[in-house]
Every structure is written in structure tokens, then in C-alpha cells.
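Keep the 3D view open while you read.

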Amino acid sequence: MSASLHLAKPDDLDRLTTLVAAFHAEQGIEQSDAARCAGLAPLLDGIPHGAAYLIGPARAPIGYVIITFGWSVEFGGMDGFIDEIYLRPPVRRRGIATEVLISLPKALAEAGVKGLHLEVDREDESAQKLYARAGFRARARYMLMSRHL
């Protein structure tokens, strides 16, 4: 099984929406299909604020990763945030996510991204180990805080 990445395009919306809905159901994220499509469609249309990548074969993806972009004075320029990463359950624990989390940052760095961030459940030790294998580290003095607007 390969961790090949394909930049998602508008004609991938149905495939991507199906994967995102599966991830949201697994994580208990409640969102309407219309809201989900409204969040995904601009990424597939090429807005500069983020990108969605399908993992695996383009016609039958096994997962996806969504990166959003921002600016960080601390990191010295554009930074990215892994908003979501998902693999279908049958293909997990085969090294695919690790491969994605190692190759994608290299490509983003070549494109000028200076830092890459993600959030992880404090109790999900398996995910923490995955991210650590890919070079992500907890920042001892910081925690992510959010506010819905």
C-alpha cells in the first residue's frame, strides 16, 4: 500500500466528502453535509489558505490530509496546520500515515513553509507516538486554545 499523495481537485469532492464524513463520524464531530462541502470546496478550487490531499490511488483513495496555511513571526514566515488526517481503518498500522507525515513536510518546506503544526488528543498515546515518529514534538510551554466564532 502506497502513501502517494494527490492534490484534490473539484472533481474529487464526492470522494473526499465521503472520507471526511467517515472521519467525523469516528471522532464524534457533528457537521451537516452542506457545511462539510462548504469547508472543502474552496480548498479543492485552489484558495491559497489550504490544500487537501488524497492518500493512495486517485480513483480509490484510502485517506486524506488537509493542510491550512497561516503566518508566523516566530517561525519566520508561512506555517501550516494539519487540520485533519485520516486513513480508512483497514489500512491503518501499515506505516502509511508515518510516510505521509514524513514526506509532506519535506514538500511543504521546499515550497517555503517554515513550520508545521497539528493537534492531538492528550489521551491518544497511539497518535502521539505516530506524530513523534514523524518528528513532531509537544511544545512544553504551549497548548492549543480555540474559540468558535
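## The β3-β4 pair and its neighbours

β3 and β4 pair in the antiparallel sense over 10 bridges; two strands count as paired if DSSP finds at least two bridges between them. Elements here are DSSP runs numbered from the N terminus, with helices (H or I) of at least four residues and strands (E) of at least two. Across this pair, isoleucine 66 faces glutamate 84 in β4. The hairpin of β3 and β4 has four residues between the strands, and glycine 76 there takes a positive phi near 85°.

On to β2 (residues 50-55): this strand pairs with β3 (residues 63-72) in the antiparallel sense over six bridges. Alanine 51 stands opposite isoleucine 67 in β3, while alanine 52 has isoleucine 66 as its bridge partner in β3.

## The sheet as a whole

This is a predicted model, in which local features need pLDDT of at least 70 and side-chain atom pairs count only at pLDDT 80 or more, while totals for chains, interfaces and linings use all residues. Residues are numbered from 1 along each chain as its sequence is written, and side-chain values use heavy atoms, with hydrogens and water left out.

The open sheet has five strands in the order β1-β2-β3-β4-β5, with mixed pairing. β1 (5-7) and β5 (115-118) are at the edges with a single partner strand each, so one side of each has no neighbour in the sheet. On average, neighbouring strands are turned by 30° against each other, direction ignored; axes are lines fitted to C-alpha atoms, for helices over the stretch in contact, and angles run from 0 to 180 degrees between N-to-C directions. β4 and β5 run parallel and are joined by four bridges, and isoleucine 82 has leucine 118 in β5 as its bridge partner.

## Helices against the sheet

Helix α1 (residues 13-27) lies across β2, β3 and β4 (77-87), at about 80° to β4. Arginine 15 lies in this helix and is partly exposed at 23% relative accessibility; the classes are buried under 20% relative accessible area, exposed over 50% and partly exposed in between (1.4 Å probe, protein chains only). Arginine 15 touches Ala58, Arg59 and Pro61, not counting residues up to four places away in sequence, where contact means heavy atoms within 4.5 Å.

## Two nonpolar cores

A nonpolar core is a set of buried Ala, Val, Leu, Ile, Met, Phe, Trp, Tyr and Cys residues joined through side-chain atoms within 4.5 Å. The largest has 24 residues, and Val65, Ile67, Ile82 and Leu101 have the most contacts inside it. Two or more residues come from each of β2, β3, β4, α3 and α4 (125-133), and α3 gives the most, with six.

Leaving aside neighbours within four places in sequence, leucine 101 is in contact with Ile82, Ile85, Leu130, Tyr131, Ala134 and Phe136. A second, separate core of 13 residues includes Ala8, Leu40, Leu44 and Ala52.

## Confidence

How high is the mean pLDDT of the chain? The mean is 93, and 99% of residues reach 70 or more; pLDDT is the predictor's confidence in each residue, from 0 to 100. Confidence is lowest in α4, at a mean of 92, and highest in β3, at 97.
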